[in-house]
Amino acid sequence: MLEHWLLAHEPQIRLGAFALLFVLIAAWEWWLPCRRLALSRLLRWGNHLALVVLNSLLLRLLFPAAAVGMASWAQQQQLGLFNQFEMPLWLGLPVAVVLLDLAIYWQHRLFHRIPLFWRLHRVHHADPDFDLTTALRFHPLEILLSMTIKWLVVVALGPPLLAVLLFEVILNGMAMFNHANAALPGRLERRLRALLVTPDMHRIHHSSANAEMHSNFGFNLSVWDRWFGSYVAQPQQPQHSMQIGLPAPRAPRQTSWLSGILRLPFQRF
C-alpha cells in the first residue's frame, strides 16, 4: 500500500520538499551571506531556473519512471542486492541511503576524471558565483547521463522504494544546502563537517584553483572525501574572497545565460 502511494505521489513529494527547502535556504542566504555576488541574482536565478525546467521536462519525457519507478521494477523482478535476502526496513533504509550516497560520490569523481564527462560537468563549475541555484545548474546531457547511471545503481542494489525517494529528497536538499552562499558559526560548521558536507567545505570544490576544484566531491556525507583521499580542509584564499568558477570563460553571456550554458560543453577553452 505504501509503495503504491509513493509511486503515485513521488513528483509531488519531491517538488514540495524542493520548494520548501529552496525558500528556507534562500532566506538563510539573504540573512547571513558569506560572499558578495558578482552578478545579479535576477540574471543567474532566471537562467538557472529555466535550465531546471528544461532538465525536468527532458527527464519526464525520457525517464518517466525516475529512480523510484526503477526501484519498483527491480523489486518486481527480484533484482539487486537488497532483493536477495530479507532485511528489516529500519536497517535496510539507512544502509541503502548510505550506499546510494557512496555511488554518487564516485560518480562525481568520475565526472572530474573522464574528459568527456568533464566537458559536461564543467557547466556546473563555470558559474562565477556560488549560491543555492548553483546546485541546480547541470547541462541536460549530464542530467540524462546521471539518471542512466542512477538507474543502473538502483538495479544493482535493489533498494526499498522509500529509501530511493528519501535519498532523492536528501540529495536535492543537501545540494542546495552545501551550495548556499551563507555562513555558519565556526564551531557549528566544524561539528557539522565531521559528518555532513557544509557550504564552506563544498565551496572549496568550486574554487578556480585546479587542486581545490578536483577535491571535496561529497554531497551528503563528508566521510567519503576523508576516507578516499580527496578532502581539502581549507582553500588557499579566504572563503569570502576566493575566485569561484572556471579560470575561463568568465563572460556572463558564456557562463550565466541559458544559451551560453547549453553551448559550454562544445566550446574549446
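Biologist: Why does Trp106, at 36% relative accessibility, count as partly exposed?

Modeller: With a 1.4 Å probe and protein chains only, buried means under 20% relative accessible area, exposed means over 50%, and partly exposed is what lies in between. At 36%, Trp106 therefore counts as partly exposed, and Phe228, at 34%, counts as partly exposed too.

Biologist: What is the basis for these values?

Modeller: This is a predicted model, in which local features need pLDDT of at least 70 and side-chain atom pairs count only at pLDDT 80 or more, while totals for chains, interfaces and linings use all residues. Residues are numbered from 1 along each chain as its sequence is written, and side-chain values use heavy atoms, with hydrogens and water left out.

Biologist: How many aromatic pairs does a search of the whole structure find, and what makes the pair of Trp28 and Phe177 stacked?

Modeller: The search finds eleven aromatic pairs. The ring centres of Trp28 and Phe177 are 5.6 Å apart and the planes stand at 10°, so this pair is stacked; the rule is that rings of Phe, Tyr and Trp (its six-membered ring) pair if their centres lie within 6.5 Å, with planes under 30 degrees apart counted as stacked, over 60 as edge-to-face and the rest as tilted. The pair joins distant parts of the chain, since Trp28 belongs to helix α1 and Phe177 to helix α7, 149 residues apart; helices here are DSSP runs of H or I with at least four residues, and strands are runs of E with at least two, numbered from the N terminus. Trp28 is buried at 16% relative accessibility, and Phe177 is buried with a relative accessible area of 16%.

Biologist: Why is the pair of Trp106 and Phe228 called edge-to-face?

Modeller: Their ring centres are 5.0 Å apart and their planes are at 65°, so the pair is edge-to-face. Trp106 lies in helix α4 and Phe228 in the loop between α11 (223–227) and α12 (252–255), so the pair ties together parts that are 122 residues apart in sequence. Both residues belong to one aromatic cluster formed by Tyr105, Trp106, Phe217, Trp224, Trp227 and Phe228.

Biologist: What makes a space in this model a cavity or a pocket?

Modeller: On a 1 Å grid over the protein atoms alone, a cavity is a set of points where a 1.4 Å probe fits but cannot get out, whereas a pocket is an open set with protein on both sides within 12 Å along at least five of seven lines, and lining residues have an atom within 4 Å of a point. The largest cavity holds about 50 Å³, and Leu100, Ala103, Ile104, Gln107, Ile149, Lys150, Val153 and Phe167 line it. Its largest share of lining, four residues, comes from α4. The largest pocket holds about 1100 Å³ and is lined by 33 residues, with Arg14, Leu59, Ile143, Lys150 and Asn172 nearest its centre. The largest share of that lining, seven residues, comes from α2.

Biologist: How do you know whether His121 is buried or exposed?

Modeller: His121 has a relative accessible area of 2%, and is therefore buried. His121 lies in helix α5 (residues 115–125), and, leaving aside residues up to four places away in sequence, touches His108, Phe111, His112, Phe138, Glu142 and His205, contact being heavy atoms within 4.5 Å.

Key:
Grid points are joined across faces, edges and corners, and a volume is the space filled by probe spheres set on the points.
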